[in-house]
Amino acid sequence: MFRQIYMLYGLLILATVGYAQYNGWSLDTMNQLKNVPKSVRDNPGSYRSVYSGYHHYTGGK
Amino acid sequence: MNPQPPPVGGPKPRVSGLNCPNCGGSITLRALGQASSVVCEGCGSILDAKDPKLQIIQTFHRIVSSDPPLIPLGTRGKIRGTDYEVIGFERRTITVDLVEYHWHEYILFNPYKGFRYLTEYQGHWNDISICKELPSMSSSFNISPRVNYLGESYQHFQSADANTDFVLGEFPWQVRVGERASVTDYVHPPRVLSGEKMAGEVTWSIGEYIPGRDVWKAFNLPGSPPAAIGVYENEPSPFRANLKAVWIGFAALAFGLLVMMIGFDVFAMNSSVFQGAYRFTSGYPRAEASFVTNTFELGGRPSNVEVTTSTDLQNNWIYLNYALINQDTGQAWDFGREVSFYSGYDSDGSWTEGSRNAAIVVPSVPPGQYYLRIEPEADTVHPPVTYTVEVRRDVPVSSFYGIGFLALLIPAILITWRSASFEKSRWSESDHPHSPIIPEGS
Amino acid sequence: MTQPTATCPNCGAKIVFKWSSSVQTVCDYCKSVLVRTDIDLQVLGKVGDLPPDISPIQINAAGVYRNKSFVVIGRILYEYDQGGWNEWHLMMNDGGSGWLSDAQEEYGVSFSSKPSAGQALPGESQLEVGRELTWDGTTYTLSVITQAYFRGVEGELPFKFWDKSDMVFADLRSSSRKFATLDYSDAEPALYLGEFVEFEDLKLKNLRKFEGWS
């Protein structure tokens, strides 16, 4: 009985991994935006990023 | 012409009503004359059932009321397709490490099939009958670690001396309260092979574990059976049977995962669609650091995009804001990566911290024309950093397979651990609590 | 098959032998124990009251053992310190004689056997529990030595069995269902080889009915 459940679960895992790989999933976090204007190509400074202003001294000795 | 001959054989037996010679109470004989001894319920005297005058064999002080039989005497039930009547009951005790353990035995009777026994200990029941065949080492009653019986190997579980505490009803042997027997149990779950030596004679019986609810169903008893406490010597493991199957399943699934990983590795495009090299210096006054790259094409089906940053950092850090922008649709993915690398030399030797490179995977990017907007950041004053940015289309993500492998492994480990705990619990009650778990072959 | 008939020398009743090789029988009417000699029937004595019948097997019960059908035609009753048992005499359909031992509904079918030439059976004084003996390729272990007493006879027997006092039986068991019995009721020890059987394997018919049991 355990065996059937486990195999089903395992196949589900495999299917998920395959689907993830095929559809290009990623584990990294990011932000999606729409309607970025074409003017950004001429003026990259006009683009406001969520991640900008990251002034962070992260370490080292 | 001859008259009818008298009937053959002796007088017919019946469930007879007799009186106890000690107290006069009525005695019911259910075993139709087959029993050797019968106990008077009124005064607790053990009487000779074969003697028509029911001679008293032994009297004992009754302590029955505190521990009555769970299946009342006289109840009939179906075991293995045959009707049996409960005719006798006894409580026996073994003492191990100064602790007393009691169990109960029920004598079952059928006039054609003879006698059978049910034992009960802490809610665990066993269906027992006398062996017709001898187990492999029976001639000497010495304890050996393993015994073979009917093609199965049984492991020694426990040897102890059993004392009969009290008795009720009828018995096919001349039972005595206080009689002692040497009992040895060998197990091969769900069966148990039990050898009993009493007064020089050795009897072997074979038992099979039966769940309490099956006993209740067989005897049509009201209510529910007592809960089973702990793991009993021959209680079948709900895990053992599945363990091997699950690990074989794991091997198959892990192999499948490997095949998938290799497959994607071979068939993924993994094409490098853009590469650029840049230099970030701290200028004064600070110029606009952001810039855009040339456009590049991301082809194929919607798949991932890997953006790798490779630097020449030395004891420094840089933060890169990225935006992957679709030139036509205006759809963008916004992400950032910090890259830092430090190294040095101290009393333990040389050390490093961080990495010169960083990669990020952008999910499910539809095909089209794209460019990157890059905005580097660093300390206000910093040495110049040279870095390259590479964009690859449709890369295999190895961490999926790692996670998948773990997900497959965890249930297999869990069931193995639970099975091991179950067996440990089983053997903790035996003479060999630290014995290694010997796998049950067939 | 014609059944030999005779007349009881004690009471004149008709005696029918179901089995042509029967040596002893009991008159149903007067309970005289009769033995066949070349000429006539001799009276040995009278059988006393038998104990209440508790076995489901009775005379004229029929069954099958290993594809050979049989009819129960006689019995010897034994007693020992723990109780008693019956040895039912079976008339096999091939004309031979077998025994069905019935002790508290533990059943075993056995046949008189001769050990292979040169192999002597142990004497009564040589018996000890645990001793191993081999016949016909099977090793038996001596399990129990029983001191038994003659309690009674019934029906037809293949030999004379009367005026017996105590006798010794040795029970030998094996790792299979086979068992062996050494019978010391006569001057010469007798060997019986057989196997334990389940009640249903015998497919018995015409059994004794018990009140309250189907």
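Strand β1 (residues 31-33) of chain A and strand β21 of chain B run antiparallel and are joined by 3 bridges; helices (H or I, at least four residues) and strands (E, at least two) are DSSP runs, numbered from the N terminus, and two strands are said to pair if DSSP finds at least two bridges between them. L33(A) has A332(B) as its bridge partner in β21(B). The model is predicted: local features need pLDDT of at least 70 and side-chain atom pairs count only at pLDDT 80 or more, while totals for chains, interfaces and linings use all residues. Residues are numbered from 1 along each chain as its sequence is written, and chains are lettered from A and ligands numbered from 1 in the order in which they are written.

Of the 2 pairs of chains that touch, chains A and B have the most contacts, two residues being in contact if their C-beta atoms, placed from the backbone, lie within 7 Å. Here 42 residues of chain A are in contact with 54 residues of chain B. The elements that give two or more residues to the side of chain B that touches chain A include α2, β19, β21 and α3 of chain B. That side of chain B has 30 nonpolar, 16 polar and 8 charged residues; Ala, Val, Leu, Ile, Met, Phe, Trp, Tyr, Cys and Pro count as nonpolar, Asp, Glu, Lys and Arg as charged, and the others, Gly among them, as polar. Chains A and C, by contrast, do not touch, and their nearest C-alpha atoms are 35 Å apart.

Helix α1 of chain A comprises 22 residues (residues 2-23), which at 1.5 Å a residue should span 32 Å; the end C-alpha atoms are 31 Å apart, which agrees. The expected span is 1.5 Å times one less than the number of residues. Y6(A), G10(A), I13(A), V17(A) and Q21(A) are buried in this helix. Seen down the axis of α1(A), these buried residues fall within an arc of 60°, so they line one face of the helix; the arc is that of the directions from the helix axis to the C-beta atoms. A residue is buried if 20 or more other C-beta atoms lie within 10 Å of its own, exposed if 12 or fewer, and partly exposed in between, with C-beta atoms placed from the backbone. The buried residues of α1(A) pack against α2 (240-267) and α3 (398-427) of chain B. On the other side of α1(A), the exposed residues are Q4(A), I5(A), L8(A), L12(A), A15(A) and Y19(A). G24(A), just after the helix, takes a positive phi of about 70°.

In chain B, 4 strands form an open sheet in the order β16-β25-β19-β23, with antiparallel pairing. β16 and β23 of chain B stand at the edges with a single partner strand each, so one side of each is left without a neighbour in the sheet. The twist averages 15° from one strand to the next. β16 (residues 271-280) and β25 (residues 385-393) of chain B pair over 9 bridges, and Y278(B) stands opposite Y387(B) in β25(B). β19 (residues 303-311) of chain B pairs with β25(B) over 7 bridges, where V305(B) has R393(B) as its bridge partner. β19(B) also pairs with β23(B) over 7 bridges, and S310(B) has N357(B) as its bridge partner in β23(B).

Note on methods: Axes are lines fitted to C-alpha atoms, for helices over the stretch in contact, and angles run from 0 to 180 degrees between N-to-C directions.
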